[in-house]
Amino acid sequence: RDEIQRLMTRIDVATSKVEEHKNARRDHEQALAAEKLFGELSSRLSSVEIDCEKAAMMSEPLAKVLNTEPDAISAAEIRESREALRIALATLAPTSRLISGKLAGLKGSMRKKMQELQDRAEASQALVDKAQQTVEEAQSRAAAGPILKQAADRIEKVEEVLQEMRETEAPFLMGIEVMPADESGEVLQKMDKSAALAQATLADAHKFISLKLVEVGRLAEGAANAAKRELEKGKQQVEAGLGRVRAFQEDTVKRKRQNLVVLVKEKIEEAEAAVLRMKEAGSDLPILDAGSLDEALERALATELEAQNAVTAARRELQQRQQELRPHEGTSPDALKNNSELLRTKVRVQYMEAELNKFRKAAKGFEERIKVGKSLTITSALLQEAEGQVERL
């Protein structure tokens, strides 16, 4: 049994030695084939390296421009560099895959030679990757330029409309908060239009910048970050402008309320002047004799009609302006002050209407007095005529 065991051990050792040389022929054939392929791959890789170096060289001017004058990037240079990169990548990728596939089954010196080819291919890939990054950055900068220019133009337009909006407010900024109604109405109308135009322009600019922020996010990282900073700055400027427009519109509403109150006060003052003339015209009526009372009463009634028309116009103005003020009612000090002014104005209208009623009653009395006087005159004349006839008889 021991002898058999020793024989088995010797057989195992012999078997292992045979196994070592079992694939010697196959390995030798692979090595011969690899040797032949190595020459082809080496020649092919040399051509690929030339294409990669050409692409890298064509991207170098773009890299210099990016560092010195990003705005001077040439679209033609970008196109040429991209074409060179396309050619290099089209040949490098399959060559690298072929080298990697052949390397897996090789041993010994041939594996070492094939590994050197793979290292060269990887170096070419790194060179191309760097060139591609430069070209993409340049292309992104070139794409970002027009976007930033358009955004700058819109922001410039925003500043123009904001300046125009502020200029419409100039009469109020001169310290004249209360102007004649006609003048202030025209100014307020201009302020309304300019604020609406500014708001529309700002909203359009804000929308444009928001869309372009999404668009530049797709660009290369360096160009995208720089463009985003500029666009964010512009967006903040537009948002600040929207805040100024809102404040301007609030001031316009306040001034509108003041203007409406002024319009009503002007009508009230006109009506009060007409009522005063009516009272002056009727003040002498009680002391006039019958001969002059008729003519004086006629003049007084003419002033009463004028006063009535003025008071009616004042009441209509008051009602209309109250309707216009109602949508803007609030609890601010200015709103409460304007409401208080309107209440006092309403009381003044009621007082004038009372004066008109009072005058009408007095005028009616004078009319009756004139009628009675005329009747007495006629009766007296008839009586005298009858007396004359009696005397003749």
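Biologist: Hi! Is isoleucine 11 buried, exposed or partly exposed?

Modeller: Isoleucine 11 is partly exposed, with a relative accessible area of 46%. Buried means under 20% relative accessible area, exposed means over 50%, and partly exposed is in between (1.4 Å probe, protein chains only). This is a predicted model, where local features need pLDDT of at least 70, side-chain atom pairs count only at pLDDT 80 or more, and totals for chains, interfaces and linings use all residues. Residues are numbered from 1 along each chain as its sequence is written, and side-chain values use heavy atoms, with hydrogens and water left out.

Biologist: Thanks! Where does isoleucine 11 lie?

Modeller: Isoleucine 11 lies in helix H1, which covers residues 2-20. Helices (H or I, at least four residues) and strands (E, at least two) are DSSP runs, numbered from the N terminus.

Biologist: And which residues make the nonpolar surface patch?

Modeller: Ile4, Met8 and Ile11 make a nonpolar surface patch of about 300 Å². Patches are made of residues with over 30% relative accessible area and no salt bridge; like charges are joined within 9 Å, and nonpolar side chains (Val, Leu, Ile, Met, Phe, Trp, Tyr) within 5 Å. The areas come from the Shrake-Rupley method with a 1.4 Å probe, and for residues only the protein chains shown count as cover.

Biologist: Let's zoom out. How many helices and strands are there in the protein?

Modeller: The protein has nine helices and zero strands. Of its 393 residues, 31% are buried.

Biologist: What is isoleucine 370 in contact with?

Modeller: If we leave aside its neighbours within four places in sequence, isoleucine 370 is in contact with Leu293, Asp294 and Leu297. Contact means heavy atoms within 4.5 Å. Take aspartate 294: it is 76 residues from isoleucine 370 in sequence, yet their C-alpha atoms are 6.7 Å apart in space.

Biologist: Nice. Switching to charges, how many salt bridges does the structure hold?

Modeller: The structure holds 13 salt bridges. A salt bridge is a side-chain nitrogen of Lys or Arg within 4 Å of a carboxyl oxygen of Asp or Glu. Side chains of opposite charge can pair when their charged atoms come close.

Biologist: Which residue meets glutamate 83 in a salt bridge?

Modeller: Arginine 86 does, at 2.6 Å from N to O. Both glutamate 83 and arginine 86 lie in helix H3 (residues 75-103), three residues apart, about one turn of the helix.

Biologist: What about glutamate 306, which side chain does that one meet?

Modeller: Glutamate 306 meets arginine 277 in a salt bridge, 2.6 Å from N to O. Glutamate 306 lies in helix H8 (residues 290-325) and arginine 277 in helix H7 (residues 221-282), so this pair ties together parts that are 29 residues apart in sequence.

Biologist: And which side chain meets arginine 315?

Modeller: Glutamate 353 meets arginine 315, at 2.7 Å from N to O. Arginine 315 is in helix H8 and glutamate 353 in helix H9, so the two tie together parts 38 residues apart in sequence.

Biologist: Last one: which ring does the charged end of arginine 154 sit over?

Modeller: The ring of phenylalanine 208, with the charged end 4.1 Å from its centre. A charge sits over a ring if NZ of Lys or CZ of Arg is within 6 Å of the ring centre and within 35 degrees of the ring normal.
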